[in-house]
Amino acid sequence: MSMPIASHAFSLPSLPKYSNEGNHETANMALIFDRYKDRLATLPKEKGWITENLYMYQGFWHQSSRRISVETVMALQSTFKAHPTDIYLATLPKSGTTWLKALVFALVNRNRYKDDRFSTHPLLVSSPHNCLPFIETEIFRNTPTYVDSHSPRLFATHIPYTSLPQSILESGCRLVYLCRNPKDVLVSMFHFANKLRDKSRGLLTFEETFELFSKGIMPTGPYWDHVKGYHKASLEHPGKVLFLTYEDMKIDTVNNVKRLARYLGYPITEEEEAEGAVEGIVKLCSFENLSEVNKHGNLREDIPNDAFFREGKVGDWTNHLTDEMSSILDEITKEKFYGLDITWNNPIC
Ligand code: PAP
């Protein structure tokens, strides 16, 4: 599979381009931030990782005045309309969102690109974040997107289960949750935050982020509550909420992708199996391929595409956490997940 050189702002095939969409979005964001500013002022706040502060809303910490923010959650809760055929991918940041977006986009749309053996595939020219948007970012748009013109609509979200818009909970649509071990989430978030932080505020030290993370303070954290919310939902609604782990996906990507395909209602046929379709999708969505495609360019708000690709491994935490830090997180996790069958199927976790 040949690799493209760069990826810039992307418009999927057959979509009209609206040159003033950026202005509309900025104006919509300003309106929404203004609508909720009085409520924001009443929320408890703590030190942020990327933004200056995090705000506690419905038991979780959120950024403010950004696309993925507490104001967006409030706006989605009052306006978002889910369709029963929608598919939602939910994650805590840094749990493998980008990978899951790529896999689900590639699986669901595989027949569109199979004739040319994926050579014109959007994932070869653009970030998975452009192919499969967050509901948090879609709310600001005025113009139709690929998502609107295709069924099922594919969306991602970082919103905790208990804060999801009611219409998602009531629509009966399918949801996939990807969970990653807390130590690798902490390390991944530490690097991501330092990349995106306003440099005038200085870099975060690992010790600082460890303290914040252990107290549950991170965007859409506490980590443990976010995971528990979706885990509980997966037990209560097994046909509607699928709970996966990054570690399982890494150990056996092919079989987990097949499982994902079955769950989403797009099972791999015998013919596809014989043609190596799953292996093709796994390769297309591999860290190696996606990190190459996304070496250049920015997502909106000047977030570099390459910020979503660092190591892509299980267990990088061993290079960052002291034994004491590791034991503290083990203890918290043991206590918070007591009685729950949440494990990371890898010896290093
Ligand atoms: P987001 O929630 O902010 O969108 P997310 O994609 O969850 O970010 O996090 C990026 C992590 O996924 C990075 O982990 P690391 O910092 O430990 O390296 C990134 O490397 C990893 N990642 C991105 N793409 C892939 C992939 N195709 N396969 C495996 N891991 C990946």
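## Basis

The model is predicted: local features need pLDDT of at least 70, side-chain atom pairs count only at pLDDT 80 or more, and totals for chains, interfaces and linings use all residues. Residues are numbered from 1 along each chain as its sequence is written, and side-chain values use heavy atoms, with hydrogens and water left out.

## Ligand site

Polar contacts are pairs of N or O atoms within 3.5 Å. An oxygen atom of the ligand lies 2.5 Å from a side-chain N or O atom of T97, and a ligand oxygen is 2.8 Å from one in the side chain of R310. For Y246, the side-chain N or O atom is 2.7 Å from a nitrogen atom of the ligand. The ligand alone exposes 650 Å², of which the protein buries 97%; the areas come from the Shrake-Rupley method with a 1.4 Å probe.

## Sheet and packed helices

An open sheet of 4 strands has the order β5-β4-β6-β7, with parallel pairing. Its edge strands, β5 (154-157) and β7 (241-245), each pair on one side only. From one strand to the next the twist averages 20°. Strands are DSSP runs of E of at least two residues, helices runs of H or I of at least four, numbered from the N terminus; pairing requires at least two DSSP bridges.

Strands β4 (residues 87-91) and β6 (residues 174-179) are joined by 5 bridges, and A90 stands opposite Y177 in β6. Helix α12 (residues 223-236) packs on the sheet and touches β4, β5, β6 and β7, at about 130° to β7. Contact means heavy atoms within 4.5 Å. Helix α14 (residues 253-264) lies across β4, β6 and β7 at about 170° to β7. Axes are lines fitted to C-alpha atoms, for helices over the stretch in contact, and angles run from 0 to 180 degrees between N-to-C directions.

## Backbone details

The peptide bond from G221 to P222 is cis, with omega near 10°; P222 is in the loop between α11 (206-214) and α12. S65, although not a glycine, has a positive phi of about 55°, and lies in the loop between β3 (60-62) and α3 (70-79).

Technical notes
Polar contact = N/O pair within 3.5 Å; in protein donor to acceptor, adjacent residues only side chain to side chain.
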